[in-house]
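I opened my notebook and started looking things up, one topic at a time. Here is what I wrote down.

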Amino acid sequence: MPIVLRLDVMLARRKVRSNALARAIGITDANLSLLKSGKVKGVKLETLEAICDFLDCQPGDILEYQPEQPPDVVGESVKRAG
């Protein structure tokens, strides 16, 4: 998926443990773990707002867009780099 969650990076920067964030924003540790691992298909804006408020960050600090490249473009990139 082209949208990558960098929540673990922001938690490390803020020196906040996952369970503290989960309690503060009112979600379970299991759901926060799924968010951190990127195994979710969506996130409520309310949850995103609570995360940003607690971590004092912007949505762009934890969400990153990485467009997928077609397989032949990836192969060509590797050939040129090598």
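Predicted model: local features only at pLDDT ≥ 70, side-chain atom pairs only at ≥ 80, totals over all residues.

I began with contacts, meaning heavy atoms within 4.5 Å. Of the contacts in the chain with a separation of 6 or more, 67% are between residues 24 or more positions apart. Residues are numbered from 1 along each chain as its sequence is written, and side-chain values use heavy atoms, with hydrogens and water left out.

Next I went through the elements. I found six helices and two strands in the chain; these are DSSP runs, numbered from the N terminus, with helices being H or I of at least four residues and strands E of at least two. From the N terminus on, I read the order as β-α-α-α-α-α-β-α.

The chain exposes about 6,100 Å², and carbon and sulfur atoms supply 52% of that; the areas come from the Shrake-Rupley method with a 1.4 Å probe, and for residues only the protein chains shown count as cover. Of the 82 residues, 21% are buried. Buried means under 20% relative accessible area, exposed over 50%, and partly exposed in between (1.4 Å probe, protein chains only).

Which residues have the most contacts inside the largest nonpolar core? I noted L7, L21, I51, L55 and I62, in a core of 15 residues. Such a core is a set of buried Ala, Val, Leu, Ile, Met, Phe, Trp, Tyr and Cys residues joined through side-chain atoms within 4.5 Å. Helices α1 (7-14), α2 (18-25), α3 (29-37) and α4 (45-55) each supply at least two residues of this core, and α4 gives the most, with four. In soluble globular proteins, nonpolar side chains tend to be buried together.

I62 got its own entry. Not counting residues up to four places away in sequence, I62 touches V4, L5, R6, L7, M10, L48, I51, C52 and C57.

On to α2, where the buried residues are L21, A22 and I25. They lie on the same side of α2, because they cover an arc of only 100° around the axis (taken from the directions from the helix axis to the C-beta atoms). These buried residues pack against α1, α3 and α4. Just after α2, I spotted G26 with a positive phi of about 80°.

My last stop was T47, in helix α4. Is T47 buried or exposed? T47 is buried, with a relative accessible area of 16%. Leaving aside neighbours within four places in sequence, T47 is in contact with I25 and L35.
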